[in-house]
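Okay, hi everyone, thanks for giving me a few minutes.

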Amino acid sequence: MTARRVALYARVSTAGQDLEPQLLRLREVAARAGWTVAHEYVEKASGARSSRPELDRMMDDARRRRVDLIAAVDVSRLGRSLSGLATLFEELRQIGCDLYLDREAVDTQTPAGRALLGMASVFSAFERDMTVERTLAGLAVARARGKRLGRPPTGDGTVAAIQSLRSRGVGQNAIARELRVGKSVVQRICNEMEREAANGQH
């Protein structure tokens with residue numbers, strides 16, 4: 001029987017933390033199970049960050065069938081968001097790549113492991129529903145108190161100042177600093193200027 005190719009994924013939140021304990025533990029697991037370590041993916045990034053290049057690279061290799069199994073010390077290495085984890089688990093299921101989480105003793109090569117992973121999507125849906133419900137409730141309370149919702153209007157003087165600085169070639173970040181307004185406000189007004197200029201050329 002051909003040994004399964006495993007991808008070892010280790011992550012720490014800060015540059016000063018040591019990844020080696022996670023890797024040593026996963027190498028021992030792979031050796032005991034008779035798995036072949038195809039690659040080790042190491043990441044120094046917060047689990048809450050959306051950009052994690054090594055995780056993306058590992059998932060790309062899984063999609064290309066370069067690995068049969070992904071192993072991590074615990075589920076928090078893969079992410080903090082329940083909805084994000086559920087999405088990742090579902091993609092692994094669809095592409096036929098198994099997952100092993102050492103601390104939680106989850107192994108999707110077994111029926112029990114697959115069942116535990118399936119529960120993640122249920123809790124993720126519940127989390128989304130609760131978030132929507134809380135948001136709607138908060139908006140209703142705000143309206144009942146007479147609070148004005150939405151983006152506050154930008155004063156004519158501020159708009160004119162932004163337009164003037166931009167027409168002189170000043171960058172958007174510099175304008176925001178100079179006028180002490182949000183970058184999104186500057187960007188919106190500059191975009192409107194560009195659209196008006198483009199329409200004027202037609």
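When I say helix or strand, I mean a DSSP run, numbered from the N terminus: at least four residues of H or I for a helix, at least two of E for a strand. With that in hand, the elements here go β-α-β-α-β-α-β-β-α-α-α-α from the N terminus on. That comes to seven helices and five strands.

Before we go further, this is a predicted model: local features need pLDDT of at least 70, side-chain atom pairs count only at pLDDT 80 or more, and totals for chains, interfaces and linings use all residues. Residues are numbered from 1 along each chain as its sequence is written, and side-chain values use heavy atoms, with hydrogens and water left out.

So how confident is the predictor? pLDDT is its confidence in each residue, from 0 to 100. The chain averages 80, and 76% of the residues score at least 70. Among the elements, strand β3 (residues 69-72) has the highest mean, 96, while helix α4 (residues 111-144) has the lowest, 63.

Now the sheet. Two strands count as paired if DSSP finds at least two bridges between them. Five strands make an open, mixed sheet in the order β2-β1-β3-β4-β5. β2 and β5 (106-107) sit at the edges with a single partner strand each, so one side of each has no neighbour in the sheet.

Let's zoom in on β1, residues 5-12. Eight bridges join β1 to β2, and the two run parallel; Val12, for instance, has Lys44 in β2 as its bridge partner. β1 also runs parallel to β3, with four bridges between them, and there Tyr9 is partnered with Ala72.

Ser13, at 35%, is partly exposed, and Gly16, at 76%, is exposed. Over the chain's 202 residues, 32% count as buried.

Searching the whole structure turns up one aromatic pair. The rings of Trp35 and Tyr100 have centres 5.6 Å apart and planes at 70°, so the pair is edge-to-face. For the cut-offs: rings of Phe, Tyr and Trp (its six-membered ring) pair if their centres lie within 6.5 Å, and planes under 30 degrees apart are stacked, over 60 edge-to-face, the rest tilted. Trp35 is in the loop between α1 (20-33) and β2 (36-44), whereas Tyr100 is in strand β4 (residues 98-101), 65 residues apart, so to speak linking distant parts of the chain. Both Trp35 and Tyr100 are buried.

That's it from me, thanks!

Notes:
Buried means under 20% relative accessible area, exposed over 50%, partly exposed in between (1.4 Å probe, protein chains only). pLDDT is the predictor's confidence in each residue, from 0 to 100.
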